[in-house]
Structure formats: C-alpha cells, structure tokens
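Colleague: I would like to learn how to read strand pairing and helix packing. Could you take me through an example?

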Amino acid sequence: MEANTPSSVPVPSSSNLSKPPLTSKKKSRKTSDVWDHFTRNLDNPNDPRAICNYCDKSYVGGNRSSGTSTLRGHMVNQCPNNPFRIEDKKQKTLIFQKMMGGKNKSVEGANLKAVGFSQSDCRIACVKMIILDELSFRFVEQEGFKLFCSIACPKFDIPSRIIVSRDIKKLYCDEKKKLKDYFIKHSQRVSLTTDTWTSIQNVCYMVLTAHFIDHEWKMQKRILNFCQISNHKGDTIGKAIETCLRGWGIEKVFAITVDNASSNNVAIAHIKKRLQIWKTTVCDGDFLHMRCSAHILNLVVGDGLKELNDSIVAVRNAVRYVRASPERLGRFQRSVNNTCKLEKASVCLDVATRWNSTYFMLDRAIKYSDAFKLLEEDDEFYMQYFIEKDRNGRSITGPPTSNDWENCAIFCRFLKLFYEATLKFSASLFVTANSYFHEICTIRGRIMKLCDSDPLIMKDMASKMKIKFDKYWGCTEKQNVLLYVAVVLDPRYKMRFVILCLKKLYDSRQADTIIASVNNSMSKLFSHYSNEFKLKNPQVSSTQCGSSIPTPDKSSMLVDSDDEDSFNMFANDLEKECEEDDAFNKKNELEKYLEERSDGERKNKDFDILVWWKMSTSKYPVLAMMARDVLAIQVSTVASESSFSTGGRVLDSFRSSLDPTMVEALICCQNWIRSSSLTLDMGSLMEDIEAYEGDDLAIHLLIFIISLETTFDIFAKS
C-alpha cells in the first residue's frame, strides 16, 4: 500500500527538471489553402496583414490568432481578379426575355434566354439603379433593400454606400472614355446648347450638351459637362465652355444655342475667337450664335399679356376661390356632378409670370364653365367672396360672366398656338430645325390676322406681340439664317417654299432681304463643304463634288476648221448638240437638288428627313455633309435646361452635401445610360476584318453581323 502513496513516488532531481523527457512529436495543423492566394505582411508585428495576390486587397490576418473565413469569402465572392473564381458560368437559368411594351411597361416576350449569376454585373446594375432612379447612396444599406436582395438574389453581396460612390465615379470615367474616343475617332462636328443654374447650395453650375447626327443618321444628345463655375459672367461662361471642349477633344463646333442674356453674347464671341484660332469654324463662324426660339416666344407672349384682360382676372379669382380650401373644392365638385360630368374636377391656379400656366388654367377652367355658373346659385359664400374687398381695399374682379368665358376661350385658342410651338421647339431627340420656319410662319400669320380683327382686346394684344416678334424675327440681323437653310434642305419644301411664305408674310423689301441672305448663305455653306469634301476624298473629281465642269477646248478636239471635210462638219454639229444636252450635268449638286421635283416626299405622311438624306448620300455627297450638321442644330436650350430639373432632384435638401464632381457624374451618367448607344461603325469593323484577311474566323464574324442586322431590321419592320 505504501508503494502506491504519493510520498513513495520518486521526486526528480533539479538536473532532470532542466531537461524534460522526450515525448512523441504532436502532429502539426494543416495550413489553409487560402494562403496559396494571400501573402502575409508582418512588417508591423502589432498589425499583421494578409494581402490578396490578385487585387492587393488587405485584411487583418497573418498569424494564428486570426481566422481565414474572411479571406476565403473574399476569394469566393469578392475578388474581381481571381482567375479561379466560378460565377455560375456553366449553370444557367432559362427565362422569358422581358421586352418593353407601351408606356414603358415590361411584358414577357416569346424568346427564351439563358442567364447566370455574376457578382460584377449585379454591382454595375445596382449602381445604374442608383443613378437612373436618383436614389441616395444609403439606399443600399436600408432594411427593405437588404430584405429584397436576400430573397430575390441571395448570392449578391450588397455593397456599402462608400463602394457605391466609388463605383459611380468608375462608371462615369469608363462611359466618358467611350464617348470621348467616339468623338476623336469620327472627328464629329457638334452643335451645342448651354445654360447656367444656381443650386440649393448657392453653387453656380453650367451645363453643356452636344447634339449631333451620327454616321447612321440617328439624332444623338449627350450631356458633356455639368460643372461648377464661379459666376454667370460672359467671360467665365466662355472660358468654361473652352475648357470643356478641350477636355473632350472637340474642336469642330457648328452652332451654339443660348438664351437672350447679354452675357451669352460675350461667351459666344470668346468661343468664336478660339474656333478661329483652331481653324475649325464653318464660314468663319458666321452661323455660330443661335438664339433660343422658346425664350423668344416667351418674350413675345409676355409682352402681349402684360396687361391682362379683366376676363382672365375674373376666371383666375374664381379658380383661387375654389382652391382655397377642401370644403370649397368639395362644393365645386358637387356643381360639376350636377352638370352631368361624373369625373373628378381638377382646376389649377396659374403663376402670374408664366404664360403657359395661364394657358393651363384657362384650358381647365373653360371645361368646367357651367359648374362655375351653378356655383353662383348653390354656394352663397362664392358670391360673397367677390363682394368683399382685398387687402388693398380694392374690389375683387368677378365672378366671370358669359362674355368673360367667351373672351377666355379666344385667349386660350391663341395661347395654344404658342404652347404647341414651344413643345415642338423643345424636342431634342428628333430634328426640329426644319420645323422652325413652319411654326414661325403660322404664328406671324395668326398675329397679323388678329391685328385686323374686330375685338379690341385681341387687337391690342396682337399689336404688342407683333412689335416684339418683328424685333427678333422681322430681319436677319438677330436671326440665324441656318433656320431657313434647314427648310431648304428639307426635300419636301426647298427654296421655293421659303420664297412663297416670305412674300406672303412680309412686305417686298423685307422678303427680298431675307431671300437674298438665304441664297448667299446657301452658296457660302456649299462652297465650304465642297472644299471639305475634296480634302476628305482627294481621289474624287471636281465634277463629282459639285464644282462646274470646264468647257473643253474645241481646237484640241477637232481638226482644223478650214478643212471642208464632211466628217469635221458632222463633228461640229455633234459637239453643239452634246453641249446643249449636257447642260444639266454641268450644274453643281446644289442646283440639281433645288431643281429636282419632290412631289412624292410631300405626299408621304411618314416622311423621315434623316432617312431620306441617308439614302441620298451617294447622290448628293456634299449636301449630305451639310445637312448632317445643319439638321443637328437645336432651336431652343430646353435640352440643357431639362438637366437642371435632374440637378434639383439630385441636390435636394437631403443630399445638399454632394460635391460638384459627384453631381456631374450622376447627371452625365444618367443621360448617357438612358440615351441609345451609338450605332456600330461598319466601316471601322470592315477595316478590322480586312486585317485578318484569309482567316476563316473573320469571314464567319462578318456573316454573323450581317445576319444580325438583317434580323434587327425584320423585327423593326414587324
């Protein structure tokens, strides 16, 4: 028993303590395979790091106390450069491809499409969603979005708002490079629109928008810059435009559309000097300055409505009464129902400084004129409202009588003419230059008719409008003649239509002055583009590009005229006959175009001027070059002003801390994403294919592209 007691256990000596007995070696732990893709950085022992071998991303790690789960997650889901990463490249899901139906509604198509999951594609789509829907960056961190992604796409690693911000700037740089390369490669001449705006931050911004017709004869609009400027002075705007053009590598500018602010005259003069130094102006910049037609229409209507007629004031006061409280609006709705109109009544009050809002108010109020008349009987407070005095002690005009409603109907029909013209001037996704002249002729004709009308109120208003109209559109000094040239380049009308309209709307002296200016401008432009065409196509003869044919030397073609040989006599007669028959062929392109009949084009209701010029390029190569630039000009600055609406939503009271560079990235990217992509350049593609001449792959690629375009044409026609 004693041998088993602890006291009987032999105690090791001090020498044995210093040298412990050897035991079997413990099996070491296996190293994780993630270290095949990461490198330990132990420069700082207190902060060991693990660096990805493919994207240089750094994580906490490198010692035994840190795990490898984060590193493994980076390799499997996040690293964009991991060559061993698998993103469902084999496993696909069949879906019915979505197609856009009417009113931008998504409808299921009949085509099946195999799709797979891609982390990078989801990241790009998320960024585009933020840009297009003008969402805050914090949206990706909100609970609802995370819940949606966890169900709809659980594999998607939702980025943080910081990463979203970086991705937006990267997308902006990538898209800008693509667009810049297009401008440089095609040496594209553009027309510009520009305007200035002050944000909620009290920061001045300038927007610059480029308009051009691409090589496939499609109208294109791209916001180039939405940049900060120090003030709204002309020199500042001009230098800012110059800086933007240099940054984009754009040297060829055809026209710049601006409003009538005096500072814009200084800015245009600055740009004109720079273009002359760059030697890229057209006709020495004579047609560079384009005034905004929508702004001029505002001035014309504003002068006519400065002193509003009492009839309009009476209707405005009636609308103000109805909209003053929900109770009044309810009584008005009952009056509307009593007129057998079972609909929700909607009347709007105008803004005194905006004539288009006055048009909307009258248009809606006239629709419910009977309801306003019933309101006089059913609502005792309605009549009392007009008996009371306003704050200044004056009586309130109204209620509107039957005569007032008749006068307002006349005003409304007249204002509708200006409103529809403004809508046409404001378009930017299709050609508007050739429709400008038609609208101006219609408006001037209506004004002249009202100047001779019996109602005194309409006569006074039309007379004031005519004075302002003639100030801007009564002579060629403040008009850009390109707007007449655009009509001449419309094969349905040409110069004959311009002369006919001018002689009907202007006196003979004014008409002759404008006609002479248009003819002179057409000649100058045609001469400029003929020279430009010769430089681009030196192998083309002068006859093909439109210059006159020199008269052949008769002495070099015939034998001596003294010879009485019968052959020489017949040769002389033949030459004279040929000279008479070929007189038409000696005319240049412009003369041939103007003399050609265009009955078929005028009768075609679905006529597309860009398609016509695309098909006529081989017949009129010089005029086609000219038409591509002239038809791209904008008659208003609405294309640029519309970006300020986007800017107001992006820079609201909740996101007023965004810096100007991020604001520019958001607004420009939104425009670039929404705009149709620039069409494929078949010419450059053929050059690339020719570089691989003899390669079977190149032949198959060409056959595939041709069949693809044919398929698209079939679907477009169907």
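This is a predicted model: local features need pLDDT of at least 70, side-chain atom pairs count only at pLDDT 80 or more; totals for chains, interfaces and linings use all residues.

Colleague: Which residue in E7 stands opposite Thr-193?

Modeller: Thr-209 does.

Colleague: In what order do the strands of the open sheet lie?

Modeller: The order is E8-E7-E6-E9-E10, five strands in mixed pairing.

Colleague: Which strands stand at the edges, and why is one side of each left without a neighbour?

Modeller: They are E8 (219-229) and E10 (289-291). Each has a single partner strand, so one side of each lacks a neighbour in the sheet. On average, neighbouring strands are turned by 25° against each other, direction ignored.

Colleague: Which strands does helix H27 touch?

Modeller: H27 (residues 660-674) packs on the sheet and touches E7 and E8. Its direction makes about 175° with that of E8.

Colleague: Now helix pairs. What describes two packed helices?

Modeller: The angle between their axes and the distance between the axes. Take H15 (residues 436-451) and H16 (residues 456-473): the angle is about 140°, and the axes lie 8 Å apart.

Colleague: Is the crossing of H15 and H16 left-handed or right-handed?

Modeller: Left-handed.

Colleague: Which residues meet there?

Modeller: H15 contributes Tyr-436, Ile-440, Ile-443 and Arg-444, among others. From H16 come residues including Met-458, Ala-462, Phe-469 and Trp-473. By class, the contact of H15 with H16 has twelve nonpolar, one polar and four charged residues.

Technical notes
Residues are numbered from 1 along each chain as its sequence is written. Side-chain values use heavy atoms; hydrogens and water are left out. Two strands pair if DSSP finds at least two bridges between them. Helices (H or I, at least four residues) and strands (E, at least two) are DSSP runs, numbered from the N terminus. Axes are lines fitted to C-alpha atoms, for helices over the stretch in contact, and angles run from 0 to 180 degrees between N-to-C directions. Contact means heavy atoms within 4.5 Å. A crossing is left-handed if the near helix is turned anticlockwise from the far one by less than a right angle, and right-handed if clockwise. Ala, Val, Leu, Ile, Met, Phe, Trp, Tyr, Cys and Pro count as nonpolar, Asp, Glu, Lys and Arg as charged, and the others, Gly among them, as polar.
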